[in-house]
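Here are some notes on the structure shown below. Please read each point with the model open beside the text.

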Amino acid sequence: MSQFIYLHKQAWASLKKKIGFVATVVVTMGTTLGALLCVLTLGHLLLVEPLPYPEQNKLYRVGHILDDNKGEISADAFTYPGLIHLYKNQEVFEQASLTSYSQSVLTSLPNQPRLLIGYTTPEWFSLLGVKMALGRPFEATEALDTFNPVAILSYDTWVKEFSQSPDILQQKVTFEGVSFSVVGVLSKDFIEPQLGTTGSDMHAWLPWDFNQQTRFKDSWGNIHGALTYIGKIKSGVSATQAEQVLSPLLNDTWQEKVVGSDFFKGWTISSEVRSLKSIILGDSERMLFFMIAGVLGLLIIASANIANLFMSRTAEQQRQLAIYAALGAKKRHLFRNLFAESTVLMAISILVALIISSAGFYLMQTQFASVLPRVNELTLNLFTFGSAFLFAGLFALTFAYLSTKMINYKALSSMLQSSGKGTGVQVSKRFRQVLIVTQVAIATVLIFANISLFKNAVKIIQEPMGFEVDNMVSVVFSTSTSPAPTAEESAIAMAQLKSELQQLPQVKSVSQATSPLNNFQLNAITDPVTNLSFTPDYKQVDAQYFTQIGQPLMEGRLMSAADIKDQNRVAIINDVFAKNLREDGNVIGIELDSSGDIYTVIGVVKGVKLPGHSDIRSRMYFPSPQSHRQMNLTLEPNQSVTREQVVAAIKEVSNAYALFNLSMLPQTRNNILFPQFAAAVSTAALAAITLFLGGVGLYGILSYSTQMRRFEIGTRMAIGAKRKHLINLIVRDNTVVILIGIIMSIIVMTVIYLFNQELLAEYIDVGLIPVFVFTLLAIGSLALFACYWPLRQYINHPAIHMLRGSD
Amino acid sequence: MSNIKIQMKGISKIFETEELETHALKNIDLTIYAGDYVSISGPSGCGKSTLLSILGLLDMPSGGEYVIEGKNVTDLSLDEAAEIRNSKIGFIFQSFNLIDELSVFDNVALPLRYKNQVPSDSDIEMRVNECLALVDMSHRASHKPNQLSGGQQQRIAIARALVAEPAILLVDEPTGNLDSKSGDQVMDVLEKLNDRGTTICMVTHDPRYADMATTQLKLLDGAILTTPALSEAS
């Protein structure tokens with residue numbers, strides 16, 4: 001033990017004199033191991049750790065797959081009556097629950113917050129083994145068709161909206177005019193399976209009967225993505241067997257119900273029974289493997305680089321090692337010394353890695369919760385510490401082994417007697433050249449790929465949409481009374497509200513339509529002339545909409561006030577849909593059938609690209625009803641509108657409405673572009689990390705190479721070589737190898753392109769030439785730096801420093 | 001006075017570590033005239049190599065004044081020192097210090113390629129061939145150093161030292177890595193060069209070779225024990 005402590009003390013004392021070396025190793029290995037630990041812990045959580053629910057392996061979600069059997073449309077969503085039919089008639093689950101995910105305004109609180117609401121049946125609580133902080137879960141008294149108005153709050157909602165009020169169970173909460181008695185608060189430790197929206201827990205739970213989709217209870221032609229069915233499968237029944245039972249149960253009934261519909265002719269429904277775990281995992285498995293592959297790639301480069309640095313360090317230590325050898329140290333003694341050093345370095349690196357992985361967990365939880373499941377369960381655990389310990393040990397052993405491997409013990413032992421040159425520790429010139437070529441090739445490929453992806457992400461972020469959302473706000477209203485106001489009442493109220501909002505000094509214009517950035521829905525359209533069916537996006541707009549957002553009219557006319565007032569059956573379509581309908585695009589006046597209603601096309605607008613979309617879809621626009629509860633406000637320059645101001649405007653008109661949502665459209669645009677922003681940041685970071693790692697790697701090799709040429713450099717200096725001569729010499733000698741590395745990278749990239757032409761075609765354009773030139777400049781500068789930096793310690797000292805020990 | 005090649009006054013060299021200060025050279029006064037053949041000898045650690053390093057501007061003195069051919073070189077930048085070494089000093093090392101990857105011809109030509117005004121290829125060729133002929137190694141011009149014996153390598157090193165027509169040859173234990181026969185041959189070459197007027201300053205352990213010099217300096221503990229008047233006196 002004392003020997004162990006002695007060796008490590010010696011190692012630490014020696015390393016303290018090489019702060020630059022220590023810092024480079026710790027920063028490089030700490031960062032990459034930190035990223036690896038972070039991603040591996042996530043992978044372990046998602047792929048290995050069971051869900052935190054009782055008998056989680058028996059929990060399944062039933063999917064409801066509609067297929068047009070033409071390969072054009074396939075959707076996974078329930079019809080409302082189809083879901084109830086399944087709930088009442090299935091026999092493969094011991095227990096099952098219905099859930100519908102939605103949002104609603106809590107109008108009983110003065111600040112009227114918009115909450116995420118889960119409408120569910122009582123089985124949901126027992127299926128997931130929900131623990132309560134206060135009160136009780138839903139019971140049989142809240143089962144289907146009981147209409148018992150009770151509510152359960154999430155722990156966070158209880159804390160945030162009710163300040164942990166101890167008498168919460170005596171309070172009521174009001175949503176859409178219905179008052180619900182609070183009967184429970186979920187436990188703080190309960191982890192909700194995020195089946196509604198990844199990254200968002202529900203704020204409150206209400207009985208299924210109150211869900212907003214009940215108006216579709218007899219509609220077998222409308223599907224709703226928010227309807228979910230989960231159940232605990234009976235023992236002995238497999239998922240495939242369950243599908244075989246459930247598919248006919250769903251399809252036969254549906255076929256009976258839509259038998260008269262031309263649109264659904266030939267369509268079928270099947271069930272898809274998938275484990276809850278795989279549903280929660282979603283397609284993040286692929287993303288996870290990409291992340292692991294990316295981090296492993298970085299780790300390989302980093303560890304190769306650090307191995308180079310260790311070799312360089314060993315070369316530097318050869319005199320010291322020669323003295324040990326002369327005093328009788330055997331090769332294993334030298335290994336122990338080197339292992340002690342690598343252990344100390346890896347121990348510090350792994351500490352840094354654990355800190356970095358903690359920061360990574362926080363980053364994932366705060367920034368990536370909407371794209372990565374279960375991240376709220378991430379924490380430093382036994383797996384993380386075990387992996388950290390394993391990696392530290394493996395890398396310490398590997399680096400020590402590689403360093404020992406390059407020692408020519410025989411030459412080292414005789415080095416002191418012969419006062420020889422650096423032959424005791426050597427890596428062949430050819431091997432060093434291979435290392436340089438590899439480093440340059442990998443760094444060039446990675447930097448080029450990352451800059452290309454960065455450029456692509458920035459291009460999408462900066463791409464003009466074809467319409468304006470600057471200074472625009474979208475507002476959505478909900479009803480707050482039960483029964484809700486009639487359409488006529490709403491039409492009057494909305495007209496007054498529009499006028500109230502228009503009178504706000506900061507508001508320039510108002511349109512009664514959904515946000516231009518989203519809320520398109522699919523519509524089944526038939527062209528009576530050609531008898532062709534289409535499923536374009538559609539939305540409802542008023543007379544001001546297109547003018548307000550600056551979307552150009554190409555042909556015909558826009559909606560008139562009369563079209564809105566009289567709810568005329570007219571439609572405006574975009575140029576993309578016009579081309580699909582008629583090759584010549586001449587569509588003004590043609591009629592289109594939407595579920596039996598005939599609409600006349602009155603105008604063609606220019607198609608616009610929604611943020612983050614690479615194509616322009618077929619779209620059509622109908623007159624919005626006057627009762628439409630969504631508006632877009634354009635504000636005067638540098639003005640804003642607050643939630644309180646809009647709520648005050650609503651109060652001026654009626655108490656039957658609440659502000660459901662207010663969103664600044666530039667912010668919404670940025671939220672939609674989050675994947676592109678994330679891609680831009682991560683590719684820029686990866687390019688920077690690669691540049692750093694490439695620099696470390698090249699420095700390691702060239703430092704070692706320069707070390708090997710120390711006496712030659714000294715000799716050249718002795719006979720009159722100036723610094724510029726020596727810099728030129730080292731650069732010239734390495735240029736060929738660096739050029740070979742660059743050529744290798746071009747070959748690798750060409751091969752990658754040839755094997756993935758379809759996938760990469762959209763990225764290939766002339767714009768890549770400047771990116772490649774920039775990459776070459778970056779690699780060239782890096783290589784020049786890596787040539788100069790190790791040399792500077794020699795050329796900035798008198799020549800005798802290099803010649804000592806040469807005789 | 002124009003005959004003076006090298007003049008040192010009060011040269012000292014101190015090596016400092018965190019805890020220790022070593023006076024390697026103490027107040028050295030030395031004048032070497034054109035055509036001198038000076039040997040420096042003394043026990044290990046007496047400062048011979050340090051003195052030779054400072055003479056050759058491979059290292060800088062801690063104190064004193066150093067003049068080569070009338071130019072004060074005491075406090076030069078690294079590049080200025082390199083230029084003086086290139087134009088006025090020729091080095092011959094104990095272990096030859098030839099560059100393995102270069103041919104004999106290229107090794108010899110190297111100092112010419114570091115000149116401010118690099119001579120034309122034909123001038124370089126002519127000068128290199130002259131020097132190789134001088135050490136009787138013309139027939140090995142295209143060989144690599146590792147194809148030659150130690151004695152031959154040292155003769156190549158002498159040719160390289162001469163190629164830029166230096167003011168003085170600084171020679172460090174030229175026979176240290178050679179057998180006695182090869183050593184004698186190398187010393188013959190040096191003697192001939194001195195006979196032709198080349199100024200030589202040589203560090204050696206071997207009293208036999210020290211005796212070949214016209215002037216012998218003995219160093220002990222960083223100081224010159226004997227201070228002959230060199231050429232002027234002799």
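1. Two residues are said to be in contact if their C-beta atoms, placed from the backbone, lie within 7 Å. By that rule, 24 residues of chain B and 18 residues of chain A form the contact. On the side of chain B that touches chain A, the elements giving two or more residues are α2 (78-88) and α3 (104-113) of chain B. The most come from α2(B), with six residues. Helices (H or I, at least four residues) and strands (E, at least two) are DSSP runs numbered from the N terminus.

2. This is a predicted model, in which local features need pLDDT of at least 70 and side-chain atom pairs count only at pLDDT 80 or more, while totals for chains, interfaces and linings use all residues. Residues are numbered from 1 along each chain as its sequence is written, and chains are lettered from A and ligands numbered from 1 in the order in which they are written.

3. Chain B has eight helices and 10 strands. Of its 234 residues, 47% are buried. A residue is buried if 20 or more other C-beta atoms lie within 10 Å of its own, exposed if 12 or fewer, and partly exposed in between. Among the contacts in chain B with a separation of 6 or more, 71% join residues 24 or more positions apart.

4. A nonpolar core is a set of buried Ala, Val, Leu, Ile, Met, Phe, Trp, Tyr and Cys residues joined through C-beta atoms within 7 Å. The largest has 163 residues, and B:Val108 and B:Ala159 have the most contacts inside it. Leaving out residues up to four places away in sequence, B:Val108 touches residues including B:Val128, B:Leu132, B:Ile156 and B:Ala159. A second, separate core has 97 residues, among them A:Tyr119 and A:Val475.

5. In chain A, helix α2 (residues 19-47) packs against helix α8 (residues 284-316) at an angle of about 155 degrees, with the axes 9 Å apart. Axes are lines fitted to C-alpha atoms, for helices over the stretch in contact, and angles run from 0 to 180 degrees between N-to-C directions. The angle makes α2(A) roughly antiparallel to α8(A), a label given to angles over 145 degrees. The residues of this contact divide into 17 nonpolar, six polar and one charged. Among them are A:Phe21 and A:Leu46 in α2(A), and A:Ser284 and A:Arg313 in α8(A).

6. A:Lys58 is in the loop between α2 and β1 (59-67) of chain A. Why is A:Lys58 classed as partly exposed? Because 19 other C-beta atoms lie within 10 Å of A:Lys58. A:Lys58 touches A:Lys232 and A:Ile233, not counting residues up to four places away in sequence. Its C-alpha atom is 7.5 Å from that of A:Ser275, 217 residues apart along the chain.

7. A:Asn531 lies in the loop between β17 (525-526) and β18 (533-534) of chain A, and counts as exposed, with 9 C-beta neighbours inside 10 Å. B:Glu173 lies in the loop between β7 (168-172) and α6 (180-195) of chain B, and counts as buried, with 21.

Methods: Parallel < 35°, antiparallel > 145°, perpendicular 65-115°, else oblique. Nonpolar A, V, L, I, M, F, W, Y, C, P; charged D, E, K, R; others polar.
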